[in-house]
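Please read the following explanation alongside the sequence and the model, going from the parts of one chain to the place where two chains meet.

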Amino acid sequence: MNYILPLLIGLLGSSVLALTSPQYMVTDIPPPPTMFKNTQIDGLTFLPNGKLVVCLPSGEIFFYHLQSKKWALFAEGLHNPLGVLALSNSELIVTQRPELTRVRDLDGDGKADDFEVVTDQFGMSGNYHEFNFTPVLDKEGNYFFALGTGSSGDGVRTITRGAFNERGRPGRMHSSAPYRGCIIKYTQDGNTIPWSYGHRTPNGLGFDLKGNLFATDNQGDWVGSSKLFHIQKDRFYGHAASLAWKTGFEGIPVDAPPAKLAQMRSRACIVFPHGSMANSPTQVLAIGPKANFGPFTGQLLVGEMNQPRIIRVMLEEVGGELQGACVPFIDGSPLGRGCNRMAWAPDGSLFVGQTKHTWAGGQGIQQVSWSKKMPFEIQNMELTTKGFLFTFTQPVESKFAQDKKNWPFSRYFFEYRRAYGSPRSDEMPVEIKEISISEDGRQVEIELSELKAWHIHEVKIQNLISQTGENLSNNYIVYTLNRLLDNTPPDPLQVKLATSTKSKK
Amino acid sequence: MKKFLLPIVLGFSGLLLGESKEAILKKGEALYNGAGSCVACHMKDGKGQKGSVPTLAQSDWLKNGTERSIAIALRGLAGPVKVNGKNFYSAMPPQLLMDDEKLAHILSYVNQAWGNKERLVTEEEVAKARKSLPISVYTPQTLLKQFPFDKKLSRKNGTFTPTYDDLITTIIQPIVYRTFMPGASPAAFAVALPGNHYFCWDAGECRLRYVWTKGGFIRSNQSHWSSNGKPVAQFNGTPYYRARTSLLQNESFDDLSKTNLKQPIYDTSEAKDFPILIEGINRKPVFLGYRLVDQYPQFRYSLGKHIITEMIRVNQESTGVERTFTISPPAQTSFHLTPSEEASISCSQGTLNKDGTLRLNQEESAQFSIVINPKEESK
């Protein structure tokens with residue numbers, strides 16, 4: 001969540017009520033009967049018994065019986081719960097502002113009566129932007145959750161929780177209370193530890209099917225464009241403020257030379273270009289065996305606040321690190337804006353909760369179902385030694401696929417800097433050398449004139465149709481090319497504005 | 001209804017009534033300030049109470065509005081009103097015990113006190129209104145339909161649409177909110193008890209911060225939730241009990257509501273002056289959670305190896321609150337309370353010193369309760 005330029009004009013202008021992919025349908029779910037005026041959804045999951053669970057900004061948690069369409073209030077009084085996990089039909093784990101909390105119904109009357117602190121061993125300056133995002137649970141029984149930084153939109157409060165650290169206070173987004181801007185691991189044996197550093201507004205954690213942990217972050221200071229990170233212990237992901245809590249880091253983090261910080265930082269496995277892909281990415285949800293959602297098992301979904309969009313992410317390991325591509329997937333009205341939380345329903349359809357909290361977004365709950373008909377989508381985009389290999393869900397019509405004009409590639413990077421966001425730097429078209437199409441028509445290999453490491457490569461494929469005459473549903477795809485398959489040059493850090501021509505716009 | 005629009009010349013009315021202006025105002029002042037009279041809510045300085053009772057001092061509602069004032073005094077007014085641009089929620093009861101003369105004196109006093117410059121009110125005006133006005137209590141809508149504002153004088157006045165917060169008037173079940181409260185760490189609770197006592201409990205330091213009863217429960221939670229979470233809850237009225245520490249003395253709640261500081265007054269990491277001292281334990285309290293017992297939150301925290309529970313309910317007489325504690329395992333304990341002019345404190349066990357220190361032996365500490373009662377406002 002962030003300061004965001006409204007995209008109202010474009011959205012209001014498009015009145016066609018259809019997703020880009022006609023094989024998916026969106027259904028509105030009636031909102032929970034909250035006593036309060038808004039029905040923003042800040043947490044969403046399913047109980048083992050199949051009931052839907054939602055958390056509202058008002059601190060209420062409701063259960064919804066999908067068949068009878070009946071809502072029931074389970075708990076109330078929580079402080080901005082921004083994520084929920086169901087351990088059983090009567091036991092939830094919730095991230096609320098002050099805590100990771102176990103919420104239980106002990107007497108079996110259907111309403112929670114016990115609110116136990118799992119951990120509150122982190123700080124709060126009382127700044128509104130110190131959100132506590134999305135608990136996830138790994139296979140070993142450890143919890144992870146993400147602490148937002150404080151915003152320069154306000155200061156700190158009169159009494160703060162946890163040792164105040166003035167080194168973390170300066171800067172646009174600050175971290176004056178313990179571990180703001182960190183992802184926290186709460187271990188099975190009861191320790192609360194800062195697991196990774198350098199996060200700004202990490203509104204969404206999630207595992208892939210292999211157990212890798214991911215978190216999104218939102219464009220802003222130190223974050224040139226929104227990102228997806230592969231979270232690993234003790235790594236620093238770029239936003240300076242939380243370094244105030246990193247052992248061995250001295251001085252005021254925001255005053256450190258950007259080049260020094262750039263050397264410390266781990267690159268994002270996905271960059272979501274601001275304005276065209278996502279401005280505020282949210283939760284990460286793996287397309288797993290429970291999903292009935294098309295031929296994308298193993299890939300990730302990521303919500304986006306500003307547009308009616310859910311993004312699909314495909315990753316591969318290159319040079320020992322994950323990187324890959326993102327593509328709009330469930331895109332356009334009638335999907336609402338503010339897609340914040342997602343979960344798979346018992347029938348394998350996707351439930352989406354929408355929110356806004358004064359930023360761009362929406363409110364309500366929607367169900368996205370797959371018709372079981374094969375969509376025409378980019379199934380995968382992988383790096384090759386000289387370019388990219390595209391795999392499609394259906395055979396492509398080669399007449400269009402082999403036309404170089406239909407593959408207008410470009411590349412650029414976002415700077416690493418203290419200032420808010422970043423322009424696209426060093427942006428230029430990339431010429432195509434050769435196109436080859438596999439015999440079955442499912443794969444297209446694009447050889448580029450140059451593959452530039454540490455640059456984002458994107459293409460908006462034109463005129464492509466399947467062999468049955470269907471248009472490609474989503475044609476804009478972005479590959480975050482950090483490493484090459486071999487001979488990757490060192491990270492150029494990209495802390496300064498390129499001296500080359502200012503890019504077209 | 002338009003009969004009294006002509007301003008009555010003050011001297012003339014005084015002559016007519018056979019009383020001097022000074023005498024009228026003096027009597028009015030005495031009645032206004034009488035025990036249980038106007039002063040109880042509108043206060044001696046006429047400024048009312050923030051959020052609940054509107055100001056009379058330089059109120060725009062009084063301007064050219066004497067007929068309206070008479071109507072409010074006689075019939076009462078129920079519903080949210082906006083006065084001088086600010087919202088108020090309490091209802092004004094009809095003044096059934098005041099006869100025409102007394103009401104005329106009071107209204108005359110109000111019209112002339114605290115910088116107000118309205119005319120005197122006659123007994124005849126009140127008598128006539130008493131006969132002719134509709135019998136039911138006014139709502140802001142019915143009142144303003146009958147006695148509209150002079151638009152030139154009253155731009156910031158009228159009524160407003162109440163939010164959920166405004167509608168919480170009589171508490172029948174405990175309400176437990178975790179939200180930002182003034183004068184507490186960001187990990188605070190706001191709890192409303194049946195019997196309309198309210199308290200702020202701070203999970204950041206495992207302690208009761210303050211208790212209040214007048215003016216209703218917290219406000220602005222709705223905007224706290226709907227927005228990005230910046231607003232700190234507000235409440236009307238003044239706590240009758242405030243736990244003091246060396247770090248937190250008499251700061252105003254307005255000051256304590258500030259959110260834009262460079263650094264805090266203090267942070268909770270040391271839990272300085274934690275009120276419960278158990279012999280041999282030199283540890284900070286750790287918040288463990290709460291359980292709803294008959295909907296009442298029972299807070300649970302640890303101090304070293306000791307588990308403490310605390311439940312706060314309205315006392316049997318419904319005059320104040322009773323805090324019930326258990327300490328397990330029990331141990332010799334001292335408990336620091338904050339005595340004040342506003343409340344009396346009593347304890348079921350142990351000895352309570354004048355300075356507010358409650359001493360409990362091991363046996364007594366297993367379960368004990370503390371009653372905090374607001375004192376009647378003395379004159």
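Chain A is divided into domain 1 (8–278) and domain 2 (378–481), with bounds that come from an automatic or database domain assignment. This is a predicted model, in which local features need pLDDT of at least 70 and side-chain atom pairs count only at pLDDT 80 or more, while totals for chains, interfaces and linings use all residues. Residues are numbered from 1 along each chain as its sequence is written, and chains are lettered from A and ligands numbered from 1 in the order in which they are written.

Taken over C-alpha atoms, the centres of domain 1 and domain 2 of chain A are separated by 32 Å. Between these domains of chain A, 21 residues of domain 1 are in contact with 16 residues of domain 2, contact requiring that the C-beta atoms of two residues, placed from the backbone, lie within 7 Å. On the domain 1 side, the elements that give two or more residues are helix 2 (258–264) and strand 20 (270–272) of chain A; here helices (H or I, at least four residues) and strands (E, at least two) are DSSP runs, numbered from the N terminus.

Chain A also meets chain B, with 38 residues of chain B in contact with 38 residues of chain A. On the chain B side, strand 4 (175–179), helix 9 (221–226), strand 9 (266–267) and strand 11 (285–293) each supply at least two residues, and the largest share, six residues, comes from strand 11 of chain B.

Strand 13 (residues 159–160) of chain A pairs with strand 9 of chain B in the parallel sense over two bridges, pairing requiring that DSSP finds at least two bridges between two strands. Within strand 9 of chain B, B:Tyr266 is the bridge partner of A:Ile159.
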